[in-house]
Amino acid sequence: MNYTKKLSHIAQGLEPAPLVLKGAHVLDVGNEVWSIEDIAISDGYIIGVGKYEGLEEIDYTGKYIVPGFIDAHLHLESTLVNPRELVHEASREGTLTYIVDPHEAGNVAGLKGIQYMIDETRDARGDVYVMAPSCVPAVPGEDNGALLDCDTLSELCNNPAILGLGEVMDCYSVIGADADMIGKLNAYKNRVVDGHIIGLSPKQLASYRLAGITTNHECITYEDAKEQVRQGLYVWIREGSAAHNLEAIVTGIVDAESPVDRYGFCTDDKHIEDIRREGHISYNIRKAIELGLNPIETYKMASTYPAQCYGLKDIGMIAPGYKANLVILNDESNVSIYDVIYNGVIIDRHEAYESSRRPVPEELLYTINIGDFKKSQLSLAVDGEHPVINIVPGQIVTAKTIESVPSENGVFTPNSEFNKITCIERYKASGRNGVGVLKGFDIHNGAIATSFAHDSHNLIVVGDNDDDMMIAIERIRNIGGGYVIVRSGTVVGELPLEIMGLITNEPHHTVDKKVADMKEIAYDMGIRRELDPFINLSFLALTVIPEIRITTKGVVEC
């Protein structure tokens with residue numbers, strides 16, 4: 001916004017504002033009070049808060065107005081649809097700013113994948129800020145589709161769409177002072193650098209923070225969050241489709257009567273059907289208030305504190321010079337949304353999303369290249385007790401056990417308790433695949449396959465028999481990536497994700513219906529309902545999350 005004489009006159013009440021919101025309880029985040037005020041708006045910005053007259057006036061008497069919500073960390077690819085569509089849906093729920101890490105697209109297609117995500121969100125119904133993916137691959141030596149080294153990331157830093165450096169998952173490269181990692185951190189030393197912290201000791205955390213890392217969204221307990229805040233980090237409290245960390249952390253904050261100015265909210269990975277059912281950041285706010293957090297502080301966690309962290313100086317407050325990104329509520333506690341205003345304009349919360357159907361770059365389509373994969377590659381030799389990957393419901397961490405597993409002639413024979421899992425390299429047809437034993441997924445008489453497997457996004461398949469696993473593998477190849485369910489020799493559900501094997505341009509209601517139907521099929525095949533069969537499966541290859549994972553090179557401890 002450029003300051004002009006006309007704007008000065010409007011601010012002083014000497015001229016009417018183009019738009020005035022009248023008579024609401026307005027959140028004064030600086031003094032932490034509600035006050036009944038008018039809000040004068042011009043050209044998408046707040047010009048004054050007080051008593052104003054407008055050429056257009058909207059009466060919000062009895063309503064509550066708060067700053068637009070910020071999702072402090074998310075991966076748009078995880079919604080499976082065009083990234084603009086998630087923004088469209090989440091804006092209905094008051095989320096108007098998004099701190100996005102496109103490392104899924106980066107792992108598959110490098111700079112071309114990242115640029116695709118930037119291009120697709122440029123005209124989205126919200127402010128999308130992009131963090132440069134710091135760990136592509138997540139850890140050295142993984143089979144993924146691209147390498148973003150220090151030189152490449154230094155170049156990407158000059159892209160005007162890039163806000164900072166995305167989650168630094170390879171903690172041990174940081175605290176080990178790896179030369180390439182130091183180069184990446186130095187290239188972004190004047191920007192915000194997001195973290196990804198699990199299992200570091202306080203002294204290791206000190207080294208990690210010393211490297212310039214500012215945030216973390218991986219806290220599971222309040223004690224972890226408290227220690228990270230003590231060490232100077234911001235903690236983004238995550239509540240997504242698979243990871244549910246809010247209750248534990250917020251309960252700890254409330255019990256300890258802890259200050260919250262180093263906290264915010266994020267979703268990380270949340271599907272559109274979950275957003276439409278329960279909300280987006282609005283859900284985090286509502287749940288935090290229900291757990292006893294002060295409403296004013298909660299709204300500041302959803303706006304003011306993340307804005308301050310990322311240096312976004314024109315959002316997070318309702319004051320002159322700030323963007324008119326506002327949420328109008330029916331009440332202060334239930335987060336019942338009446339209107340949402342983006343850039344000074346009321347959005348139509350009932351407007352259907354319309355895809356522009358812009359052409360997708362050819363090199364991003366149908367990217368599954370596994371070569372001639374043979375059934376014999378699914379064989380797993382076992383000798384006595386064997387390492388087992390155990391799913392932890394409600395979390396994306398896993399647990400390792402050593403158990404006697406079913407076998408015949410020294411070869412693992414999967415069943416509904418001990419499923420077989422494989423991860424297949426899908427970029428260069430190298431023929432590499434790892435095979436392991438999975439417990440807690442409980443699939444019976446079938447297999448599930450997906451190309452959405454964090455973070456390298458190789459092909460991951462789980463089943464209780466090799467025949468169904470092979471059918472699923474071949475079908476994934478044919479549709480260009482996505483989700484496939486096979487039951488008793490027949491493909492009974494599929495969702496093609498033809499763009500990078502991650503997303504589709506099909507509208508969300510089509511995707512939601514397919515995912516919902518496929519979940520019911522998966523549950524009918526024995527998978528427990530406390531799991532999301534696709535999201536939980538997609539995280540089983542993520543080697544930066546404890547404690548045991550499957551990769552193209554076999555089962556590894558993390």
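Student: How many aromatic pairs does the structure hold?

Tutor: The structure, a predicted model, holds seven aromatic pairs. Rings of Phe, Tyr and Trp (its six-membered ring) pair if their centres lie within 6.5 Å; planes under 30 degrees apart count as stacked, over 60 as edge-to-face and the rest as tilted.

Student: What makes Trp34 and Tyr64 an edge-to-face pair?

Tutor: The centres lie 5.0 Å apart, with 85 degrees between the planes.

Student: Where in the chain do Trp34 and Tyr64 sit?

Tutor: Trp34 is in strand 2 (residues 33–42) and Tyr64 in strand 5 (residues 64–67). The pair links distant parts of the chain, 30 residues apart. Helices (H or I, at least four residues) and strands (E, at least two) are DSSP runs, numbered from the N terminus. Trp34 and Tyr64 are both buried, a term for under 20% relative accessible area; exposed means over 50%, and partly exposed lies in between (1.4 Å probe, protein chains only). Trp34 and Tyr64 also form one aromatic cluster with Phe69 and Tyr299.

Student: Why is the pair of Tyr60 and Tyr338 called edge-to-face?

Tutor: The ring centres are 6.1 Å apart and the planes stand at 90 degrees, so the pair is edge-to-face. This pair too links distant parts of the chain, 278 residues apart. Tyr60 is in the loop between strand 4 (54–59) and strand 5, while Tyr338 is in strand 15 (residues 337–342).

Student: What lies over the face of Tyr338?

Tutor: Lys63 does, at 4.2 Å from the ring centre. A charge sits over a ring if NZ of Lys or CZ of Arg is within 6 Å of the ring centre and within 35 degrees of the ring normal. Arg262 lies over the face of Tyr234, at 4.0 Å from the ring centre.

Student: How do you know that Glu273 is buried?

Tutor: Its relative accessibility is 17%, so Glu273 counts as buried. Glu273 is in helix 10 (residues 272–278).

Student: Which side chain does a polar contact join to that of Glu273?

Tutor: That of Lys519, at 3.5 Å. A polar contact is a pair of N or O atoms within 3.5 Å; within protein, one must be able to donate a hydrogen and the other to accept it, and residues adjacent in sequence count only if both atoms are side-chain atoms.

Student: What about the backbone? Which peptide bonds are cis?

Tutor: Pro137 is in the loop between strand 8 (127–132) and helix 4 (150–156). Another is the bond from His454 to Asp455, with omega near -15 degrees. Asp455 is in the loop between strand 23 (446–450) and strand 24 (459–463).

Student: Why mention phi of His457?

Tutor: Most residues other than glycine have a negative phi, and most peptide bonds are trans. Phi of His457 is near 60 degrees, a positive value. His457 is also in the loop between strand 23 and strand 24. At 0% relative accessibility, His457 counts as buried.

Student: What is phi of Met500?

Tutor: About 65 degrees, positive although Met500 is not a glycine. Met500 is in the loop between strand 26 (490–496) and helix 15 (508–524). The relative accessible area of Met500 is 0%, so Met500 is buried.

Student: How are residues numbered, and what limits apply to the values?

Tutor: Numbering runs from 1 along each chain as its sequence is written. Local features need pLDDT of at least 70, and side-chain atom pairs count only at pLDDT 80 or more, while totals for chains, interfaces and linings use all residues; side-chain values use heavy atoms, with hydrogens and water left out.
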